[in-house]
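Let's take a walk through this structure together. Have the sequence and the 3D view open as you read.

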Amino acid sequence: MTDAEVKTVVQETELPKRLREEVYDAVEEHNASVEEAQDIATAVESRYLATRLDPLDPVGTVSAQSIGEPGTQMTMNTFHYAGVAEIDVTSGLPRLIELVDARKTPDTPVMHVYLDEEHAHDREKAHEVVWNIEATRILALGDVSTNVADMLVSVDLNEETLRERWPTYDSLGEIVDEVAGTIESNLGVETTRPEPTTIEFGPDEPSYRELLQLVEELRDIVFKGIDDVSRVVIRKEEVESGDEEFILHTEGSAFGKALKIDGVDSSRTTCNNIHEIHRNLGIEAAREAIINETRDTLEEQGLDNVNIRHLMLVADIMTNNGEIESIGRHGISGNKDSVLARAAFEVTVNHLLDAAIHGEVDDLDGVTENVIVGKPIKLGTGDVDLRMGGSAPTSADD
Amino acid sequence: MSTGEAPKQIGSLSFGLMDPEEYREMSATKVITADTYDDDGFPIDMGLMDPRLGVIDPGLECKTCGQHSGSCNGHFGHIELAAPVIHVGFQKLIRRLLRGTCRECSRLLLTEDEADEFRDRLDKTRSLGEDLGDVTKAAIRRARKASNCPHCGEKQYDIQHEKPTTYYEVQDVLSAEYSERIAAAMEGRPVGDEEEGEVDREPMGPTDLAEETGIDTSRIQDILSGEFRPTKEDREALEKALDVDLTEEDMNKLMPSDIRDWFEDIPDYDIETLGIDAEKSRPEWIILTVLPVPPVTARPSITLDNGQRSEDDLTHKLVDIIRINQRFMENREAGAPQLIIEDLWELLQYHVTTFMDNEISGTPPARHRSGRPLKTLSQRLKGKEGRFRGSLSGKRVNFSARTVISPDPTLSLNEVGVPDRVASEMTQTMNVNARNLQDARRYVANGPETHPGANYVRRPDGRRLKVTEKNCEELAEKVDPGWEVSRHLIDGDIVIFNRQPSLHRMSIMAHEVVVMPYKTFRLNTVVCPPYNADFDGDEMNMHALQNEEARAEARVLMRVQEQILSPRFGENIIGAIQDHISGMYLLTHDNPRFNETQALDLLRATSVDGLPEPDGTDEDGLEYWTGRSVFSELLPEDLNMEFEGTLGEPVVIEDGQLVEGTIAEDEVGEFGGEIVDTITKVYGNTRSRVFINEVATLAMRSIMHFGISVSIDDESVDSEAEDRIQEAIDNAYERVQELIETYEAGELESLPGRTTDETLEMKIMQTLGRARDSAGDIADERLDEDNPAVVMARSGARASMLNLTQMSACVGQQAVRGERINRGYEDRTLSHYKKDDLSADAHGFVESSYRQGLNPQEFFFHAMGGREGLVDTAVRTSKSGYLQRRLINALSELESQYDGTVRDTSDTVVQFEFGEDGTSTTQVAHDEENPIDVDDIAARVMNAEFTDETERESFLKGDTLQTNLSEHQDTWRTGASSPEVESDD
């Protein structure tokens with residue numbers, strides 16, 4: 001263990017925890033004396049302080065530029081294939097814009113569902129989870145035909161598919177019961193079963209229109225899985241630990257529902273809808289999601305050299321008040337305190353008129369306001385009250 | 001500036017509405033005449049150009065303040081409107097107030113408890129700094145639900161709003177057919193829309209009715225005959241007795257005067273419940289009775305060449321308003337019928353509306369005679385060129401210059417070549433004192449035309465004199481300490497240099513002036529990447545700084561050398577580019593030998609003034625130096641590095657000597673060249689500037705020594721290789737054909753989640769992509785290592801191996817929207833192909849190389865691909881520009897504080913530590929976790945290899961890097977500033 005004297009010496013420096021630990025390790029490894037430890041700590045401290053951010057640095061503008069500038073190099077091509085050729089995902093500049101706009105639903109919602117120990121390594125088991133996520137509609141289960149003469153819709157179910165999708169049920173009859181039950185409760189019709197795997201039903205009163213209507217409605221019924229998830233792709237991928245696992249990629253997302261499904265590892269599962277993450281996991285998770293999504297978007301465009309700290313700042317300001325605020329007139333820029341700053345951004349006239357009836361007072365604290373009235377802005381060198389004297393100092397000591 | 005007045009500074013701005021009385025008080029004159037000038041060209045009294053409203057013609061005197069045009073800001077006048085009109089901007093507020101307050105007593109239609117609740121909510125939202133709109137809207141919504149006023153009990157009616165400025169009260173009034181209805185009801189018949197048997201009514205005689213309602217029988221007879229309209233009470237009684245509805249809905253138009261009366265009675269307390277500041281903004285003030293007339297200076301008229309005056313759009317609009325106003329008054333006095341009065345009122349409302357805003361939906365915009373819509377008040381404020389974004393946030397400045405840029409490799413990267421005529425126009429103010437008196441006199445004596453001259457002087461009494469060719473000698477003698485001399489820019493002055501679009505902070509940097517002949521700004525080519533500049537006609541802007549603080553800040557913070565590291569990725573953004581890289585590659589790749597003359601020639605433009613020990617002697621016994629040791633002369637002596645270089649081979653630098661490896665893009669290049677990056681971070685910006693400058697000059701010497709040129713022949717391959725390329729492509733064609741056949745036979749297995757069509761396309765694309773790659777590989781084999789194009793591609797100077805492939809082997813598949821070309825004619829791309837031809841060449845595969853030339857179809861497909869790229873760029877610039885504007889607007893107020901937090905200007909903490917660890921993004925590269933090598937430090941401390949205490953001290957405390965004030969410090973101080981071109985080499 002590091003001895004107490006070394007500890008006090010190191011404690012006195014301004015080193016962060018991570019570097020302190022490294023200093024302890026180094027001291028131990030080199031078997032340094034307290035004086036030497038002091039020297040090491042001082043040397044490390046001086047280098048650490050040199051990499052610190054300067055006070056009064058206008059970090060906001062720098063971060064905004066660091067994200068905006070590479071935007072000019074991104075493609076407008078909307079789609080790319082997420083790893084595999086199977087799922088299209090919005091990427092490039094449109095995706096970046098979507099993220100800072102904080103759209104309620106992304107253009108192409110997707111989830112990446114990780115599975116727990118039990119299900120992650122067995123394709124069969126993984127498939128069980130898939131059937132609970134992917135929305136199963138009637139066309140996946142069998143053929144639908146309309147019998148106009150008898151005014152009947154007849155569904156011919158595929159036995160194999162049924163057994164595959166409801167693996168927990170023992171008998172086929174139960175499954176067909178389940179399917180028929182779903183149809184009855186959704187369409188409000190009585191069903192009959194001329195054959196074990198055939199379900200028939202028709203409108204109460206013979207009506208050609210209603211018959212077709214029923215077929216249309218039948219197609220929309222979700223028999224199993226989550227309504228919003230239209231497709232699930234299973235892939236074996238290497239995960240962080242180095243193991244290979246089955247991971248589910250979904251088209252469409254319903255994060256809250258997916259997390260509750262048996263077999264889903266809710267600690268690793270993600271989706272690309274920041275609002276869903278906010279709703280289910282809270283604002284800190286949403287912040288993390290914004291950082292990850294923006295970083296992935298940039299990386300995918302080959303702009304992996306944008307410092308992640310810039311993305312953090314954007315995510316932090318978007319989540320600063322506990323909710324996701326968009327960047328633009330409906331979000332941060334539209335909620336500024338200053339009337340002039342809001343008027344100078346967008347919808348000028350309305351902001352001025354509203355300010356008048358509310359009797360608002362602009363204290364001219366921000367940047368835009370001060371540019372407008374012609375005062376130095378309170379950022380960087382403008383935040384320091386230091387100026388060159390008009391005359392030479394009269395004596396040496398002042 | 002020295003008018004003796006204290007500079008005005010604005011502390012805060014308060015917004016509110018204006019009381020009509022205030023308009024009258026501040027008005028310089030009432031405006032009653034719609035005309036502007038009389039026949040003699042003089043402004044008409046009490047007209048729109050009344051001289052009391054300010055003056056625009058030079059020479060005239062303002063009748064209000066006595067000042068001349070230029071110093072008089074103008075004064076408001078006013079128009080007394082014949083009848084109140086609505087302010088369009090507040091149409092929604094008016095609607096809300098009408099709906100939320102009582103039509104009788106004007107109180108807010110909320111009980112005391114409800115009102116208190118909303119007031120509390122309002123206070124809470126205000127203290128949280130959130131939008132008040134939600135609360136006030138909720139309050140109105142609640143108030144609207146009340147059918148009777150909780151204060152006076154009056155029944156409330158629905159308010160309908162016909163945009164933009166008409167309001168109706170939907171009232172129940174006595175139906176026109178009341179007598180028929182009563183009669184029907186008395187007979188027990190269904191009334192109005194009622195169906196037979198729906199209502200059960202007993203027939204009732206007039207006497208019974210009179211008894212039940214308490215109305216005279218004769219009066220009931222009168223009512224039945226339609227001679228007498230029942231009063232409200234009578235009507236209600238009748239309705240009750242007969243169980244009949246005698247009313248019908250009617251839209252009662254609320255005139256602005258009614259609304260004004262209504263609003264006047266709203267108590268202050270209720271107003272505040274709605275979030276309106278009653279002190280500053282009484283609601284009746286949004287119904288205008290007086291219209292302020294903007295000063296003439298805000299709507300200047302211009303005199304055209306033919307002597308005709310052309311009035312401003314606002315003046316035109318005001319003329320309209322006054323005319324209608326006048327007519328309104330005349331008509332009313334003459335007792336014109338109500339219909340005509342209402343029409344005129346509406347017309348007046350229209351003109352006042354369009355005066356405020358000419359883009360109201362539902363209102364035809366007021367037009368100029370030529371048909372162009374008028375630009376009225378709102379249009380002046382709005383948008384990019386509007387008052388806010390165009391005039392207030394973006395300001396025009398003096399002391400700026402703009403011209404074409406061109407390269408000059410002899411300049412340091414900190415410098416900018418300024419044309420002498422620019423330098424003589426832009427000045428710096430010298431405060432003359434005993435020490436610079438000689439210089440100052442010399443500048444003045446040179447006059448305004450000769451280069452280091454002066455344009456103006458200011459005497460201690462504040463009088464400014466222009467220096468002319470005639471008076472310069474005379475003035476020069478008078479110059480004494482205490483004077484100010486506006487002297488020309490000279491070498492070593494600091495100026496700000498900028499290229500648009502200014503996307504990041506490196507787009508505006510400070511340079512030191514080097515005055516030069518000719519007309520372009522000159523810059524060192526290594527500063528092209530941060531500005532994103534090239535020399536195909538780019539122009540750049542220069543700004544001369546006007547006070548000492550600005551110059552100091554520019555020099556310390558904005559100089560090019562301070563911007564070598566980019567805050568975006570924490571590595572150098574300035575470094576060797578293009579030919580510099582080819583040059584370094586040629587110099588170090590094969591490590592060629594140079595004799596003394598050659599070696600000295602290579603280094604002649606650098607600060608190295610001697611050669612090191614030779615690397616050896618050749619067969620003839622002559623000493624030689626290798627390329628690597630020549631390069632090593634530029635490195636700091638104690639530099640140690642080892643990393644994987646551009647070519648994937650290790651680069652080793654030991655004690656400032658390049659031992660192994662090739663110097664190319666990843667070593668000294670623009671975006672993150674390792675050596676430049678390390679030197680900047682370890683040895684400081686000044687050392688780095690010297691290094692980059694010298695690498696650039698050495699590389700230029702080197703590339704001139706070896707020579708580099710590219711011709712068509714350099715891209716050609718022998719016929720054997722050509723055959724092999726053809727074979728590779730033919731193979732691919734065959735495979736594509738096979739794929740098509742399987743597809744057509746319906747045997748193609750589709751990829752999961754894809755249709756067979758999509759699968760086929762993907763597979764064909766893959767096959768053809770591979771074909772091009774293998775063709776490229778074949779060509780690559782045939783191109784020599786010393787082929788200039790290969791040198792450029794390998795070293796990372798310009799172009800890539802893909803470009804070479806396209807030039808010498810095969811251009812490859814052309815794509816639109818990431819797919820093969822599938823558009824054009826029905827079922828085919830061009831009429832040269834059969835319908836539904838899926839083959840490679842029918843869908844944009846370009847088999848030829850650029851050197852061979854493309855056939856017409858290929859050329860066409862290639863142009864399609866090219867067009868997509870152009871469109872993409874055009875769309876992208878506008879989208880990303882808006883994204884950047886929004887980002888900057890949202891983040892611009894964030895600043896790091898002394899306590900390490902990041903806060904906005906109202907002191908809200910956004911981050912407790914910037915980027916979670918408080919490190920600077922310029923100092924730490926994006927991919928570095930921990931830039932401090934604790935182990936190495938410990939090892940050095942333990943080995944204690946310090947020669948003396950100062951070295952130890954400097955190791956422990958870190959070097960305090962010296963701020964280099966000026967590259968020309970020495971020459972400049974000695975007064976040796978001459979117009980001659982000097983370089984720092």
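At what angle do helix α20 and helix α28 of chain B pack? The angle is about 100°, and the axes of α20 (residues 579–588) and α28 (residues 788–795) are 9 Å apart. Since 65 to 115 degrees counts as roughly perpendicular, that makes α20(B) roughly perpendicular to α28(B). On the α20(B) side, B:I581, B:S582, B:Y585 and B:L586 make the contact, and α28(B) brings in B:V791, B:M792 and B:S795. Sorted by class, that's five nonpolar residues, two polar and no charged ones.

A few ground rules. This is a predicted model, where local features need pLDDT of at least 70 and side-chain atom pairs count only at pLDDT 80 or more, while totals for chains, interfaces and linings use all residues. Residues are numbered from 1 along each chain as its sequence is written, with chains lettered from A and ligands numbered from 1 in the order in which they are written. Helices (H or I, at least four residues) and strands (E, at least two) are DSSP runs, numbered from the N terminus. Axes are lines fitted to C-alpha atoms, for helices over the stretch in contact, and angles run from 0 to 180 degrees between N-to-C directions. Contact means C-beta atoms, placed from the backbone, within 7 Å.

Now for the two chains: chain B puts 92 residues into their contact and chain A puts in 97. On chain B's side, helix α30 (residues 856–891) gives the largest share, 14 residues. That side splits into 38 nonpolar, 33 polar and 21 charged residues. Here Ala, Val, Leu, Ile, Met, Phe, Trp, Tyr, Cys and Pro count as nonpolar, Asp, Glu, Lys and Arg as charged, and the others, Gly among them, as polar.

Technical notes:
Parallel < 35°, antiparallel > 145°, perpendicular 65-115°, else oblique.
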